[in-house]
Amino acid sequence: MKVTVIGTGYVGLVSGTCLAEVGNDVLCLDIDPEKIRILLSGDIPIHEPGLLEMVRRNVAAGRLHFTTDVDQAVNHGTIQFIAVGTPPDEDGSADLKYVLAAARNIGRKMTDYKLIVDKSTVPVGTGAKVKEAIADELKTRGKSIPFSVVSNPEFLKEGAAVDDFMRPDRIVIGAEDEPAILMMSALYSPFQRNHERPIVTDVKSAQLIKYAANAMLATRISFMNELANLSEALGADIEMVRQGIGADPRIGYHFLYPGCGYGGSCFPKDVKALIKTAHDDADITLRVLTAVEDANDVQKHILTKKLTHRFGDLKGKHFALWGLAFKPNTDDMREAPARIVIADLLAAGATVTAYDPVAMTEARRIFGDEPRLTYADAPMSTLNNADALVIATEWKEFRSPDFDTIKATLKTPVIIDGRNLYDPKFVRSMGIEYFAIGR
Ligand SMILES: NC(=O)c1ccc[n+]([C@@H]2O[C@H](COP(=O)([O-])OP(=O)(O)OC[C@H]3O[C@@H](n4cnc5c(N)ncnc54)[C@H](O)[C@@H]3O)[C@@H](O)[C@H]2O)c1
């Protein structure tokens with residue numbers, strides 16, 4: 001099939017590449033010329049395991065192309081995926097300007113039938129707005145060309161995105177016309193050879209499924225973070241509590257890890273947007289999610305709170321920071337807890353030396369030439385002259401460090417672990433003061 005993907009970010013690039021991998025003829029469009037330049041030069045603009053090889057393979061096979069040319073992009077695909085960003089607006093609602101701009105471009109240029117697939121995470125009701133925007137452009141042109149709009153939310157996880165797309169645990173298609181459902185089912189059939197058919201819903205339900213899924217996961221995290229703080233205050237160990245409750249199949253073990261708050265490009269903005277949609281469009285207050293968000297905002301300061309508790313005034317102190325990305329295997333720092341840790345420490349008059357296997361370029365872009373934030377090229381090199389080591393991301397390479405070297409290099413042997421990477425008894429037995437989350 002001929003497919004255009006509009007928006008070549010984390011979702012667009014992975015989706016486009018995986019669709020090419022199974023034989024489709026895919027053209028990816030972006031308005032960011034730098035992204036397209038990088039892609040045309042044979043590289044990729046993000047860190048995502050397995051993606052670079054797959055992009056190169058499909059480009060070489062002539063099935064995957066990149067462009068900034070809107071005419072070419074609209075002309076190419078019968079299926080037009082919209083995978084642009086939907087960042088939070090000032091009031092927390094999802095900002096639809098990129099989605100609607102993409103829709104208008106299609107309406108302005110299309111000359112034959114198009115199936116427009118909204119893959120961006122958008123509030124219930126956006127399907128109708130996309131339809132309106134395209135119809136409006138066609139009307140201005142005095143044209144009557146058939147088109148369908150369907151919702152196909154994406155559930156991939158950064159860091160495992162290629163695998164998630166190639167072997168999805170679900171494919172949700174929100175559509176109300178039969179030909180569109182058939183075409184979508186055919187497009188996705190190579191990805192679900194061992195699975196049931198796609199979950200076909202109405203457009204609104206598909207959009208709500210995506211928000212509900214992220215809101216549920218965020219809720220589990222905030223719930224565990226609050227219980228971790230309680231465990232700590234009461235002298236219990238949240239890790240034992242986690243195992244004890246996870247054994248109940250109604251609860252399960254997934255997503256029960258306490259930490260220093262959830263971040264990333266999705267949970268924070270999607271929780272906000274759902275609260276806002278409920279309030280504005282249905283006059284309903286989502287009390288649980290409001291609390292989930294509040295708890296997360298507090299949790300993102302937990303590492304600084306622990307440092308202050310241990311050291312008192314942080315002015316003039318220097319800290320080593322392991323991990324900048326919001327989670328391992330990505331360079332994405334959107335809403336990453338490490339950003340709050342760095343901001344808190346700099347505001348308190350401390351300095352930081354950070355290490356992350358892939359996100360340091362992104363950190364440099366975010367923090368510019370802030371002189372109080374420096375970077376090291378290896379985890380152990382961050383430790384010189386540091387008063388303590390702070391861990392904000394659970395990269396595999398942090399899991400089994402040389403504790404003797406850590407102890408010998410730090411000015412005071414203190415680890416503040418926002419990801420519960422180590423056995424507290426073991427680390428403490430090495431003569432290190434160890435502060436984790438809820439243990
Ligand atoms: N990142 C994830 O893990 C993830 C997972 C599931 C769903 N989503 C959702 O998918 C959507 C995209 O997320 P992302 O992380 O890929 O965003 P992103 O910011 O990485 O990429 C969006 C891209 O769209 C481009 N763009 C904007 N307007 C355009 C236009 N009119 N024409 C062409 N390109 C345009 C931008 O330049 C950017 O490269 C969001 O709605 C997000 O909530 C993201």
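In this predicted model, strand E6, which covers residues 147–151, is largely enclosed by the rest of the structure, because 4 of its 5 residues are buried. Strand E6 is joined by 5 bridges to strand E5, made up of residues 114–118, and the two strands run parallel. Within this pairing, Ile116 has Val149 of E6 as its bridge partner.

Turning to contacts between residues at least 6 apart in sequence, 73% of them join residues at least 24 apart.

The overall dimensions can be read together with the residue count. A compact globule of 439 residues would have a radius of gyration near 22 Å, and the protein has 24 Å, which agrees with that expectation. Taken along the principal axes, the box filled by the C-alpha atoms is roughly 75 × 45 × 40 Å.

The following table sets out the surface of the protein.

| Property of the protein | Value |
|---|---|
| Accessible surface | about 19700 Å² |
| Part of the accessible surface belonging to carbon and sulfur atoms | 54% |

As for charge, the protein carries 51 positive and 59 negative charges, and the mean positions of these two groups are 1 Å apart.

Definitions and conventions
Residues numbered from 1 in each chain as written. Predicted model: local features only at pLDDT ≥ 70, side-chain atom pairs only at ≥ 80, totals over all residues. Heavy atoms only, no water. Rg over C-alpha atoms; globule rule 2.2 N^0.38 Å. Contact = heavy atoms within 4.5 Å. Areas by Shrake-Rupley, 256 points an atom, 1.4 Å probe, with all protein chains shown as cover. Lys, Arg positive; Asp, Glu negative; His and termini not counted. Charge placed at Lys NZ, Arg CZ, Asp CG, Glu CD. Buried < 20%, exposed > 50% of the residue type's maximum accessible area, 1.4 Å probe, protein only. Pairing = 2+ DSSP bridges.
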